[in-house]
Amino acid sequence: MGIFHGVYRRNLRGRIGKIMIKYQQLKMHPGYTMEDVQKKIAQNLHVSRELIKEPEILRESIDARKKPQIFYILSVAFSSDNESALLKKFGKKGEIAPYEKKEVRLPVIDKTSITDRPLVIGAGPAGLFCCYYLAKAGLGPILLERGKCVEERTADVDAFWEKGNLNTESNVQFGEGGAGAFSDGKLNTLNKDPLGYQAKILSLFVEMGADPKILYEQKPHLGTDKLISIVRNLRREIIRLGGEVRFGAKVTDFLIEEKKKIKGVIINDGEKLYAEHIVLAIGHSARDTFQVLERSGFAMEPKAFAVGYRVQHPQKDIDESQYGEENLGKFPPAPYKLTAKAKNGRSVYSFCMCPGGYVVNSSSEENALCINGMSYSDRGGKNANSAIVMSVTPEDFKDKGPLGGMYFQKELERQAYERGKGAIPIQRLEDFIKNRPSKGEGAIKPCMKGRFSFADLRGLLPDELEEAFMDGMEQFGRKIPVFRHKDAIVAGVEARTSSPVRILRDENFQSLSLEGIYPCGEGAGYAGGITSAATDGLRVAIALIEDLSFGGCKRPGKGFRRKQQ
Ligand SMILES: Cc1cc2nc3c(=O)[nH]c(=O)nc-3n(C[C@H](O)[C@H](O)[C@H](O)COP(=O)(O)OP(=O)(O)OC[C@H]3O[C@@H](n4cnc5c(N)ncnc54)[C@H](O)[C@@H]3O)c2cc1C
């Protein structure tokens, strides 16, 4: 019996770990099975297959550096009867190492002492996951969402894309599931996961119906068709656990005691709902609510983000560039990640790349137009698209107040709306560079969700950003030749890459200016993307539960409130 077998270790926040062996950098061919994996590990360690038990893929990535020799690279955990001997023999060479499975546990709370049901504002990934963990802790949270449930919302979004009738409260930004529901559903984040929070979030996605592959794929994605049912299942689970979910419940104002403590909210300019613990997970598009927060004295600051155009190319050409002709069809539609420094010093990079996807009209306001990308779980669309964006900072905003970035976005979106006459304005790359309007499509057919019209995009962005865009496209063409294709489709405007504002909070996740309010997720400026917003929801839930365990908002020794970085 190996010394590690069956040993559990306890550490911070009650995390419990099971010890196994991790095999790293295992090269596998496309179409591999778990049997192949077991056999290959046994072969490499010169042991019998029986010794490699319960193999579990921890990580899978594609190594396409040496085309046409392309492989899956796996990291695999397994248990074995003689772990210590194996670790002794192969551990030193770094082929294998002990592996501890992490489990994050929520703090336990004595519910009898709780008088106050927490409120969660916003049913995007941050609000939904936060609400789920508060419900799981037995706190009976109330989730307030201005938009509709995901089923009804889908009908509104389809009607908008087909006919152009925008519902400003039920659209690609607003409604159950938040901005992420009609998306590519990419779940990867750039953040490290030392505490295992992200892994916990991904496990909950799987519990709610996602493909278990998302637990180990380097670039997991769900696709809109899967996301919609997952969101619905999560809502049902929140209700089963004693939570309450209200749609068409827009928070239009806040009840504040002596300018320092939250007492409740006003819904739809009428109903008052009292609570002393309120999670503010309103997303990056709740501009009317940002204005209410500013008026109510919430500590806020403008935040940098990025703007640009979304470009489309045939997915087949991208696959050929990334995998080589010999490997076409053997691997999933290829993603790309591109960065460049423009001659004028601006950084240009690809953002939210959607293989086999669509460019979508993601607007939420009248007479304003913004776009984003989405795909279905099969990523079966003809084109690949991504936003080619340039960073903007408060220096670029005319208005120097906390909402300067928001007004900067609004102006770009107003222009885009005008240029497309209410439809998504698009242009062929060659016409864009030659500064002439496009009359129609060339060899590349646009893949769009929402009405579109050929137009002239030049001058929509400030000159410096436009220069950087053209320079970036030129440089990207050296890495992926199809980027130079004259018929590549350019669409505008991508303005909501992340929140233009940060709602300041302290290390306990509470607003710097108001006790009892927990700014959370992307809209608060503390997350970017579905998984990172959901993870922030989990962090805020844990902080709120711990606050309640200390009988209120102020934890011992937590008098001094330092801004959270
Ligand atoms: C089209 C599109 C595609 C995307 N694709 C991806 C992707 O593939 N992968 C990825 O990681 N990220 C993607 N994103 C970004 C991702 O969706 C967001 O980062 C994420 O949804 C942020 O989560 P959140 O919960 O903080 O905010 P949101 O998802 O924006 O949710 C906020 C919620 O709050 C509600 N709300 C706002 N104001 C109020 C109020 N006053 N009262 C009550 N409710 C209110 C809104 O209706 C909304 O439902 C995409 C975004 C879009 C728009």
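**View 1. Composition of the shell around the ligand.** In this predicted model, the shell residues around the ligand comprise 18 nonpolar, 14 polar and 6 charged. The ligand is surrounded by 38 residues, and the closest of them are E145, A179, K186, E522 and I530.

**View 2. Backbone atoms of P125, V251 and I282 at the ligand.** An oxygen atom of the ligand lies 3.2 Å from a backbone N or O atom of P125. At V251, a polar backbone atom is 3.0 Å from a nitrogen atom of the ligand. For I282, the distance between a backbone N or O atom and an oxygen atom of the ligand is 3.5 Å. The ligand taken alone exposes 1,000 Å², of which the protein buries 96%.

View 3. Two or more residues of the shell around the ligand come from each of α3 (125-136), β7 (142-145), β18 (371-374) and α12 (530-549).

**View 4. Crossing of helices α4 and α6.** Helix α4 spans residues 150-163 and helix α6 spans residues 224-240; their axes come within 10 Å and cross at roughly 150°. Because angles over 145 degrees count as roughly antiparallel, α4 is roughly antiparallel to α6.

**View 5. Residues in the contact of α4 with α6.** From α4, the contact involves V150, E151 and T154. Their partners in α6 are I228, V231, R232 and R235. By class, the residues of this contact are 3 nonpolar, 1 polar and 3 charged.

Notes
Residues are numbered from 1 along each chain as its sequence is written. This is a predicted model: local features need pLDDT of at least 70, side-chain atom pairs count only at pLDDT 80 or more; totals for chains, interfaces and linings use all residues. Side-chain values use heavy atoms; hydrogens and water are left out. Axes are lines fitted to C-alpha atoms, for helices over the stretch in contact, and angles run from 0 to 180 degrees between N-to-C directions. Helices (H or I, at least four residues) and strands (E, at least two) are DSSP runs, numbered from the N terminus. Angles under 35 degrees count as roughly parallel, over 145 as roughly antiparallel, 65 to 115 as roughly perpendicular and the rest as oblique. Contact means heavy atoms within 4.5 Å. Ala, Val, Leu, Ile, Met, Phe, Trp, Tyr, Cys and Pro count as nonpolar, Asp, Glu, Lys and Arg as charged, and the others, Gly among them, as polar. A residue is near a molecule or strand if one of its heavy atoms lies within 4 Å of it. A polar contact is a pair of N or O atoms within 3.5 Å; within protein, one must be able to donate a hydrogen and the other to accept it, and residues adjacent in sequence count only if both atoms are side-chain atoms. Accessible areas come from the Shrake-Rupley method with a 1.4 Å probe; for residues, only the protein chains shown count as cover.
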